[in-house]
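Please keep the structure open while reading.

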Amino acid sequence: MPGILTFALHYEGAFNKNSLGAVTEASKLARELGTEAHAVVVGENVPDELASQLGAYGASKVFRVQAPEGLAQPVVDAMAKVMTDNGHDYALFGGGLLGFEIGAGLAARLNAGVTMEVTAVDVEDGRLVAQRPILGDSAISESRYRGKGIIIGRLNAFEMQQSADAGSSATVEDVQVELSPWSTKARMVTRGEQRGADVDIEGADILIAGGRGLGKAEGFETLEQLAASFGGNSAVAATRAVVDAGWYPYAAQIGQTGKTVAPKLYLAAGISGAIQHKVGMQASENIVAINKDSNAPIFEFSDLGVVGDLNKIVPKLIDAVKAKKGG
Ligand SMILES: Cc1cc2nc3c(=O)[nH]c(=O)nc-3n(C[C@H](O)[C@H](O)[C@H](O)COP(=O)(O)OP(=O)(O)OC[C@H]3O[C@@H](n4cnc5c(N)ncnc54)[C@H](O)[C@@H]3O)c2cc1C
């Protein structure tokens, strides 16, 4: 039966949230198509109990492949074999760099169509249609596939949810995959969480965002103090320019290639307001910008603009917030 295949990344005995989102979405779409959602799990001696857990998110079958986990190329080999042998029409991935790399490799291997940064998938006439925002998120393009389709979501686009039959476990089938010579060239040396990966900027009510105007990485320490002075559900975010420069973790990046946020207050310090940044924060309830250039584009979509040097304004703001809070 043709169906939808996903890849479920795991680490230290637990599946990644993005992968579970993809499995959930695949299962929802498979039901509409009248087919099944399956998943591929790769790793050294993945236990049955772990692999079968994907059943709770709607996967009816899990193909288990003995190969290094966390690297893209072995997964491309595994998914290409599973899709070819079982006739899956689609592969669906949550966002993230690994999903992009595997999806691109799989599309090339299978001569399939591929769409990245997908935010929604619909069923039309028995086929999947992927929606992808384009032109700085001002329009939506739709992708339909002539043959096999590879659909890669934007990070966190697909929400994970246990299926109605949450107690159900998936059938686990072992698959022998001959790895391509290049797939064994890379070796995982170490794996860990990126600094700041646990910061929940998408769930924050108050976001203090910093840009290149901070001048140096240490500028973020002042922003962290400001966020702390607000207390409660506040966090620090960043532009791509500064995460690329290594001043702050990628997990905190807002924008087209980062996260989309809509806090109650978004305070931008030293951020010019480029379109690629704007698309990630324009839905914020209140936007306050501090910029020394009165012509900075960010002022065009700010509720309150402060023209001046952030090095002078932010410390005063910290004092003012602390005073207001009585401490
Ligand atoms: C395909 C693509 C995707 C992209 N995706 C993203 C994305 O997801 N997110 C993102 O943010 N960007 C993204 N970008 C980059 C984007 O185009 C901008 O380059 C970036 O947002 C600029 O970051 P910035 O505002 O920190 O720096 P700048 O544009 O350099 O702005 C710095 C600002 O600080 C002000 N300033 C300087 N000193 C001070 C001071 N002492 N006090 C007050 N203000 C000061 C300056 O006047 C200036 O306005 C993307 C670009 C491309 C091409």
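In helix H1, the buried residues are Asn18, Ser19, Leu20, Gly21, Ala22, Val23, Thr24, Glu25, Ala26, Ser27, Leu29 and Ala30. That is 12 of 17 residues, so H1 is largely enclosed by the rest of the structure. The model is predicted.

- H1 covers residues 17-33.
- From the first C-alpha of H1 to the last is 24 Å, close to the 24 Å expected at 1.5 Å a residue.
- Just after H1 comes Gly34, with a positive phi of about 75°.

**Helix H5**

- H5 has 12 residues, 219-230.
- At 1.5 Å a residue H5 should span 16 Å, and its end C-alpha atoms lie 18 Å apart, which agrees.
- Which residues of H5 are buried? They are Gly219, Phe220, Leu223, Leu226, Ala227 and Phe230.
- Seen down the axis of H5, these buried residues fall within an arc of 110°, so they line one face of the helix.
- What do the buried residues of H5 pack against? Their partners are strand E13 (206-210), strand E14 (234-238), strand E15 (265-269) and helix H8 (310-324).
- Just after H5, Gly231 has a positive phi of about 70°.

**Whole chain**

- The chain contains eight helices and 17 strands.
- Of its 327 residues, 43% count as buried.
- The C-alpha trace spans about 65 × 40 × 40 Å along its principal axes.
- How does the radius of gyration fit a compact globule? For 327 residues such a globule would have a value near 20 Å; the chain has 22 Å, which agrees.
- Among contacts in the chain with a separation of 6 or more, 66% join residues 24 or more positions apart.

Terms used:
Residues are numbered from 1 along each chain as its sequence is written. This is a predicted model: local features need pLDDT of at least 70, side-chain atom pairs count only at pLDDT 80 or more; totals for chains, interfaces and linings use all residues. Helices (H or I, at least four residues) and strands (E, at least two) are DSSP runs, numbered from the N terminus. The expected span of a helix is 1.5 Å times one less than its number of residues. A residue is buried if 20 or more other C-beta atoms lie within 10 Å of its own, exposed if 12 or fewer, and partly exposed in between; C-beta atoms are placed from the backbone. The arc is that of the directions from the helix axis to the C-beta atoms. Two residues are in contact if their C-beta atoms, placed from the backbone, lie within 7 Å. The radius of gyration is taken over C-alpha atoms; the globule rule is 2.2 Å times the number of residues to the power 0.38.
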